[in-house]
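Subject: Structure handover

Hi,

Here is the structure I promised to pass on. Have a look at it first, and then read my notes below.

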Amino acid sequence: MSNVLEPTPKEFRAVMERVLDFSETVLARGAGARASDSSRIDEMLTRLDEKEPARADLDELLTTLAAAAATGSDHLHPGFLAYVPIAGAPVSAVADYLAALLNPYVGVQWDSPAMVQLEWNALRWMSRLLGYPEQARGVFTSGGSLANFTAVVTARHARLGNNYAQGRIFMSDQTHHSIERAALISGVKPECIVTVPTDANLRLDVGALDEALTDTGTSDEPPFLVIANAGTTNTGAVDPIQEIVDLAHRHGAWVHVDGAYGGVFVLTQHGRRILQGIDQADSITLDPHKGFFLSMGLGCVLVKEGAAMRAAYMAEAAYLSPADDTSSLPNFADYSLELTRPFRGLRLWLALKLYGWEPFAQALETNRSLAVRLHQHLSEDPRFDVPWKPDLSTVAFRLRDRDDAATLRLMKAINQRGRVLLSSTTIGGRSYIRACFLSHRSSDATLDNLLADIRECLAT
Ligand SMILES: *Cc1c(COP(=O)(O)O)cnc(C)c1O
């Protein structure tokens with residue numbers, strides 16, 4: 001009796017050949033593709049809704065997948081400028097395939113030491129990139145939210161131990177909501193979350209932070225954590241990290257840098273300048289699925305004093321006893337909430353081993369220059385308010401002297417053309433359109449399409 005769950009190598013090859021054909025069509029779809037298409041969505045949802053799995057063959061299922069993927073947003077499209085793009089470079093698919101095929105366990109070093117070494121290499125490359133010392137540790141996570149959570153818990157444990165009921169955390173009003181969520185879930189009281197205003201560039205106002213840390217502090221409510229943003233989601237604003245580190249450390253607080261969007265810009269000259277001081281933060285979040293253009297599912301958290309991270313997460317279990325644990329390699333399971341975990345580091349390991357740093361640095365430079373040029377164009381046009389020069393690669397703009405509805409209508413009209421996809425946000429009570437460039441596929445043509453679509457949508 002053959003076992004369908006375990007195809008022969010020949011049968012498996014036949015499956016993979018079909019998958020490869022499918023991949024080729026996905027990668028080859030060119031000019032006609034739309035950044036977003038919701039025209040047939042209701043029909044599609046009705047077709048896909050099934051209460052029990054009806055058996056089908058692979059060809060049929062690939063056809064279904066292609067049809068489903070053709071509706072909604074296309075994150076592979078060069079014109080995807082909404083939110084913070086997650087571009088999905090094909091190398092991620094190759095790495096995920098190999099990781100799933102080999103299926104090693106990299107949570108403890110004694111199970112697959114050599115695979116752990118590869119994951120550890122990728123993590124150390126991130127750590128060195130940010131200027132962290134040898135004793136730094138970290139883990140790859142599913143994304144920035146889990147990375148931020150992992151760091152907040154580490155900071156809480158390091159600064160407050162088990163007596164954390166009154167600990168206060170400080171962050172700017174532009175901070176990603178995953179930080180507040182992490183704080184609340186890790187036991188910080190809502191009233192102990194202190195929001196600090198931002199300056200005219202939407203960067204955390206250090207004077208206001210100084211006041212907040214000094215004025216409201218009582219010995220019962222120690223400031224234990226200050227968040228510095230290395231690229232806010234709204235506009236890519238980079239907080240003055242060096243000043244925040246100096247100030248927070250004087251107050252004995254841990255500094256966590258949320259670099260989910262912008263941390264990777266240390267690969268560029270401009271980034272190194274604007275992110276100065278990041279190596280002095282106590283922990284850092286990166287999101288390689290954003291700045292390294294990989295597919296969804298790769299975040300990273302680094303802690304400068306790795307021992308603090310292990311102290312926060314270490315727990316023992318009889319059934320996990322190692323035969324021999326003398327290795328210098330970390331047990332990642334001791335540094336995070338996850339026990340069983342995919343071999344995520346392989347994505348970064350494979351990409352960096354194949355391509356090196358340079359293509360990533362170059363693509364980041366390109367994305368930043370597209371944003372700078374967009375900002376220039378719109379600033380010269382009296383119909384727009386474009387208040388913030390991009391620190392990284394995001395531009396927020398609105399129609400001048402018009403209400404929010406007019407700005408949002410413009411965005412909708414642009415998106416309907418299908419060549420680019422923009423998203424919106426609210427800053428200071430007003431609606432803004434955001435264009436965030438963060439894809440290795442972005443080029444001059446992306447910017448030209450965007451500018452032409454803006455022009456034409458305004459003309460009609
Ligand atoms: C995207 C983002 C996050 C959340 O990361 P996920 O990978 O979506 O979980 C956190 N902070 C910032 C600044 C981000 O841009």
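Let me start with a pair of helices: α1 passes α3 in a right-handed crossing (right-handed means that the near helix is turned clockwise from the far one by less than a right angle, left-handed that it is turned anticlockwise). The contact is made by V15, R18 and F22 on the α1 side, and by L58, D59, L62, L65 and A66 on the α3 side, where contact means heavy atoms within 4.5 Å. Sorted by class, these residues are six nonpolar, no polar and two charged. For the classes, Ala, Val, Leu, Ile, Met, Phe, Trp, Tyr, Cys and Pro count as nonpolar, Asp, Glu, Lys and Arg as charged, and the others, Gly among them, as polar.

Before I go on, some background. This is a predicted model, where local features need pLDDT of at least 70, side-chain atom pairs count only at pLDDT 80 or more, and totals for chains, interfaces and linings use all residues. Residues are numbered from 1 along each chain as its sequence is written, and side-chain values use heavy atoms, with hydrogens and water left out. The mean pLDDT of the chain (the predictor's confidence in each residue, from 0 to 100) is 95, and 98% of its residues reach 70 or more. Helices (H or I, at least four residues) and strands (E, at least two) are DSSP runs, numbered from the N terminus.

Back to the helices. α1 (residues 9-28) and α3 pack at about 25 degrees, with axes 11 Å apart; axes are lines fitted to C-alpha atoms, for helices over the stretch in contact, and angles run from 0 to 180 degrees between N-to-C directions. The two are therefore roughly parallel (under 35 degrees; over 145 is roughly antiparallel, 65 to 115 roughly perpendicular and the rest oblique).

Helix α3 (residues 58-69) also meets α2 (residues 41-48): their axes come within 10 Å and cross at roughly 150 degrees, which means α2 is roughly antiparallel to α3. This crossing is left-handed. M44, R47 and L48 of α2 touch T64, A67 and A68 of α3.

β7 and β8 (residues 283-286) pair in the parallel sense over four bridges, and G259 stands opposite L286 in β8.

Five bridges join β12 to β13 (residues 430-436), and T426 stands opposite S431 in β13.

Cheers

Key
Pairing = 2+ DSSP bridges.
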